[in-house]
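Work through the exercises below with the sequence and the structure in view. Try each task before reading its solution.

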Amino acid sequence: MTIQTAGRVALITGASAGIGEATARVFADAGMRLALCARRADRLERLAGELRARGTEVAVFPLDVTDAAAVRAMVEAVAARFGAVDVLVNNAGRGLAAKFEDTTAEEFRALLELNLLAVVTASQAVPVAQACAPGLVKGAFFLDFNSASPGAKIRAAEITHVAGA
């Protein structure tokens, strides 16, 4: 199956470095319009400037994805600017370098907040934004990838097709 990417809108969390930054470049090369999200505004702006210079339409959202209200507001802003979110890349995440026995419950809670609950929040918010542009859900696809998750070591990504894509 061939997926048409030109003109589609991708929202990428964790876009300021690493896999998220590389994904933004690949999607820009594929002709996609981008909404980039991460905590580090300076790095997002640098990447956005680079991509805009190459002709890509880019919106920047410096925020913490563990802030559910901020994530919902971002998705609404993306929908208002671009019409819909066609691709969601849940990339924001992190791991713990400490030994299990040396890790506190608070550290595990923060890890779960970012690596699990923030993914759920963003994934739940996107269909609401798509409802603002009827007809665009058909053919949408989502890429959920959290590079800090144990599953990332097993598979590179999992693509879920929705609504007749």
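This is a predicted model: local features need pLDDT of at least 70, side-chain atom pairs count only at pLDDT 80 or more; totals for chains, interfaces and linings use all residues.

Residues are numbered from 1 along each chain as its sequence is written, and side-chain values use heavy atoms, with hydrogens and water left out.

**Exercise 1. Helix length**

Solution. Helices (H or I, at least four residues) and strands (E, at least two) are DSSP runs, numbered from the N terminus. After the helix comes Gly31, with a positive phi near 85°.

**Exercise 2. Two faces**

Find which residues of helix 1 are buried, and which exposed residues its opposite face carries.

Solution. Buried means under 20% relative accessible area, exposed over 50%, and partly exposed in between (1.4 Å probe, protein chains only). The buried residues in helix 1 are Gly20, Glu21, Thr23, Ala24, Phe27 and Ala28. They lie on the same side of helix 1, because they cover an arc of only 160° around the axis; the arc is that of the directions from the helix axis to the C-beta atoms. An α-helix has 3.6 residues a turn, so residues three or four places apart point the same way. The face turned away from the buried side carries exposed Gly18, Val26 and Asp29. The buried residues pack against strand 1 (9–13), strand 2 (33–38), helix 2 (41–53) and strand 4 (87–90).

**Exercise 3. Two arginines in loops**

State where Arg54 and Arg39 are found, and what Arg54 and Arg39 touch.

Solution. Contact means heavy atoms within 4.5 Å.

- Arg54 is in the loop between helix 2 and strand 3 (58–62) and is partly exposed at 40% relative accessibility. Not counting residues up to four places away in sequence, Arg54 touches Arg25, Ala28 and Asp29. Its C-alpha atom is 8.4 Å from that of Ala28, 26 residues apart along the chain.
- Arg39 is in the loop between strand 2 and helix 2 and is exposed, at 66%. With the exclusion of residues up to four places away in sequence, Arg39 touches Pro62, Leu63 and Asp64. Arg39 and Asp64 are 25 residues apart in sequence and 5.4 Å apart, C-alpha to C-alpha.
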